[in-house]
Number of protein chains: 2
Amino acid sequence: MAVHAIVLAGGAGTRFWPASRNARPKQLLPLVGDETLLAATVSRIAKLVPPERVVIATGAHLLDATRSAVPAVPAENLLAEPAARNTAPAIAWATAVIAARDPEALCMVLPSDHFIAMPAAFEACVEHALEGARRGFLTTLGIRPTRPETGFGYIELGAEQGASLFEAARFVEKPSLAVAEDYVASGKFLWNAGMFFYAARDMLAAVREHLPDVAEKADACARSPASLATVFPTMPSVSIDKGVMEKAKRVAVVPGDFGWSDLGSWQSAWELSPKDDAENVLPDGSVAIDAHGNLVWDHAQSKRTYALVGVSNLVVVETEDAVLIVPRERAQDVRLAVERLKALGSKRI
Amino acid sequence: MAVHAIVLAGGAGTRFWPASRNARPKQLLPLVGDETLLAATVSRIAKLVPPERVVIATGAHLLDATRSAVPAVPAENLLAEPAARNTAPAIAWATAVIAARDPEALCMVLPSDHFIAMPAAFEACVEHALEGARRGFLTTLGIRPTRPETGFGYIELGAEQGASLFEAARFVEKPSLAVAEDYVASGKFLWNAGMFFYAARDMLAAVREHLPDVAEKADACARSPASLATVFPTMPSVSIDKGVMEKAKRVAVVPGDFGWSDLGSWQSAWELSPKDDAENVLPDGSVAIDAHGNLVWDHAQSKRTYALVGVSNLVVVETEDAVLIVPRERAQDVRLAVERLKALGSKRI
């Protein structure tokens with residue numbers, strides 16, 4: 001049972017504006033380190049899955065940029081969704097494509113825009129999850145929560161099923177703060193990081209059972225690329241979590257603790273980047289005088305000299321056509337700027 | 001007695017870094033409004049002095065940039081100092097050049113890097129000062145102080161000599177704060193703004209009396225441009241205030257109140273620029289959300305979109321090769337960044 005990967009790289013989003021744009025979403029940025037998040041996702045699993053067995057689901061408008069970001073992945077492995085339909089249609093389609101090539105395939109589904117600080121620990125979890133998949137479980141990784149985050153879904157740990165493998169008793173969507181606090185205190189809930197491991201035939205059977213319309217159309221798209229443009233957009237927009245995982249019978253979770261971050265804002269990029277003695281993250285050649293905790297992100301790598309004097313905890317993002325300045329603690333409010341620009345009819349979003 | 005102008009445009013300085021550089025000093029920047037400060041200085045007196053009668057003293061390394069800034073001034077009116085020697089040598093030389101062309105000339109000496117908010121009021125003062133010059137006084141304008149500034153020289157008002165014309169009882173160099181406070185309270189002291197009005201022959205006589213070495217060498221430079229490179233640098237570095245005005249006999253002052261500013265820092269540029277409802281000074285197309293009192297200076301007029309979210313009272317200066325971010329109240333500390341860059345061997349100063 002060869003292992004294949006499905007990398008979900010269709011995401012859009014404004015939280016990293018102005019570096020991220022409609023045509024250059026987060027996964028195509030090197031937010032931590034030198035590689036784009038997408039390339040890092042593919043590199044991270046390279047020992048288990050060679051590029052020829054990596055399938056990337058992305059948006060049609062992102063196809064060229066995605067290809068440039070991961071040139072080792074064969075062009076025929078890039079699946080261009082003609083419309084965004086959430087994760088269930090994309091995963092069903094990609095799984096059908098893989099199953100047509102390799103009916104015995106084991107698949108892992110990975111988001112392309114997350115950060116993992118401890119790749120070896122991640123790999124160990126993946127091995128456990130693949131073992132779950134071999135045993136017929138739709139298996140997910142659950143991140144041990146470090147705070148009562150209300151922006152994530154949670155998975156409740158059930159009965160132990162093997163080494164590091166537990167029944168997934170329940171999938172819960174974004175909870176209230178009080179509920180999230182209870183979850184974290186209980187030690188029985190994990191964050192749902194959107195990673196899934198399964199035998200292709202098990203997932204296809206589960207989709208057929210719980211989302212028969214999606215199963216049929218995904219199969220049509222896999223068999224006949226010509227029908228993609230007309231069929232794919234008719235699928236419902238539904239997540240694999242809600243559409244399949246919550247309903248399927250043999251669902252397992254592997255608890256993991258490998259320095260995962262969803263990189264939710266410039267604040268996270270600052271947290272995860274190497275810093276100087278004054279906690280600044282600055283381009284080479286910068287000058288910081290009485291300046292602490294700042295992030296300067298020079299997207300175009302302009303090699304300009306950044307001089308920060310007496311300013312602290314700022315995020316400064318410079319691109320070829322836009323500049324953002326915001327306090328780190330207000331990094332989420334980038335969306336306000338994007339909304340304003342949208343209202344003004346700006347193309348720079 | 002035709003009126004000629006001597007515009008002093010040799011200044012260097014780091015207070016407007018990174019917009020200002022060794023090769024692009026303050027007077028060559030459009031710090032308030034669309035014109036460079038130098039061009040504004042020449043425009044402001046155009047009713048009284050046509051460009052053909054404007055002589056500009058500048059540094060040899062600034063000659064081309066200066067010519068571009070004031071193309072209406074004839075090339076032969078640009079005097080390039082081979083070395084910086086403070087104001088007395090430059091004024092003596094320029095006055096000798098003008099006197100050779102027009103022995104009856106009245107001269108006005110104007111710094112090129114100041115701002116004047118009320119040009120009509122300025123013009124009225126100039127008329128009074130020129131009348132003083134016609135009557136044989138070395139005449140200066142004195143600015144009514146609005147604060148106990150310790151960075152300026154002061155002039156003490158003496159006996160009235162005519163309409164708006166007073167004897168200059170005393171020139172005082174930068175005083176202590178206590179002394180400056182007394183000066184302001186007394187109502188008898190004015191700021192020395194470095195503007196002088198005189199008959200060319202009176203100034204040349206005064207220089208001959210008080211700085212005979214400068215008089216002789218300035219005369220040599222005016223007569224023989226070939227000797228400039230060898231003679232000019234041998235002059236002492238001395239200001240016209242200390243070298244001549246403090247010692248000369250018939251010295252007068254015209255009190256003025258015409259919205260003068262020496263534009264000492266980015267803080268002054270912000271104060272003097274038109275602001276939006278949130279007290280921001282921003283390039284066109286910028287977006288300010290919960291952002292107040294900021295100055296964004298886009299030197300290269302890049303037409304980029306500046307988005308400020310939740311930041312207040314910042315100065316942001318963007319040039320082709322350097323970026324400065326500093327709180328407005330610390331605008332003077334720009335020099336710290338320049339010193340650091342100098343120590344690092346940066347060429348971007």
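**Entry 1. How the copies are related**

I superposed chain A on chain B: a rotation of 180° with 0.0 Å of shift along its axis does it, with RMSD 0.0 Å. That is the relation of a two-fold axis. I fitted by least squares on the C-alpha atoms of residues with pLDDT of at least 70 in both copies.

I note that this is a predicted model, in which local features need pLDDT of at least 70 and side-chain atom pairs count only at pLDDT 80 or more, while totals for chains, interfaces and linings use all residues. Residues are numbered from 1 along each chain as its sequence is written, chains are lettered from A and ligands numbered from 1 in the order in which they are written, and side-chain values use heavy atoms, with hydrogens and water left out.

**Entry 2. The interface**

I looked up contacts (heavy atoms within 4.5 Å). In chain A, 34 residues touch 34 residues of chain B. Because 100% of the interface residues of chain A are also interface residues in chain B, the copies meet through the same surface.

The buried area is about 2800 Å², with 61% of it from carbon and sulfur atoms. I take buried area as the accessible area (1.4 Å probe) that two parts lose on being put together, summed over both.

I then looked for salt bridges (a side-chain nitrogen of Lys or Arg within 4 Å of a carboxyl oxygen of Asp or Glu). The rule finds four across the interface of chain A and chain B. In one salt bridge, R304(A) pairs with E318(B), and the closest N and O atoms are 3.0 Å apart.

**Entry 3. Which elements touch**

I used DSSP runs for helices (H or I, at least four residues) and strands (E, at least two), numbered from the N terminus. Strands 12, 14, 15 and 16 and helix 11 of chain A each supply at least two residues of the side that touches chain B. Strand 16 of chain A gives the most, with six residues.

Strand pairing needs at least two DSSP bridges between two strands. Strand 16 of chain A runs parallel to strand 14 of chain B, joined by four bridges. V323(A) has Y306(B) as its bridge partner there.

**Entry 4. Within chain A**

I also followed strand 7 (residues 154-162) of chain A, which pairs antiparallel with strand 8 (residues 165-172) over six bridges. These two strands form a hairpin with two residues between them, and S164(A) in the turn has a positive phi of about 60°. Strand 7 is also joined to strand 9 (residues 189-199) by three bridges, again antiparallel.

Which residues stand opposite E156(A)? In strand 8 of chain A the bridge partner is R170(A), and in strand 9 of chain A E156(A) stands opposite F189(A).
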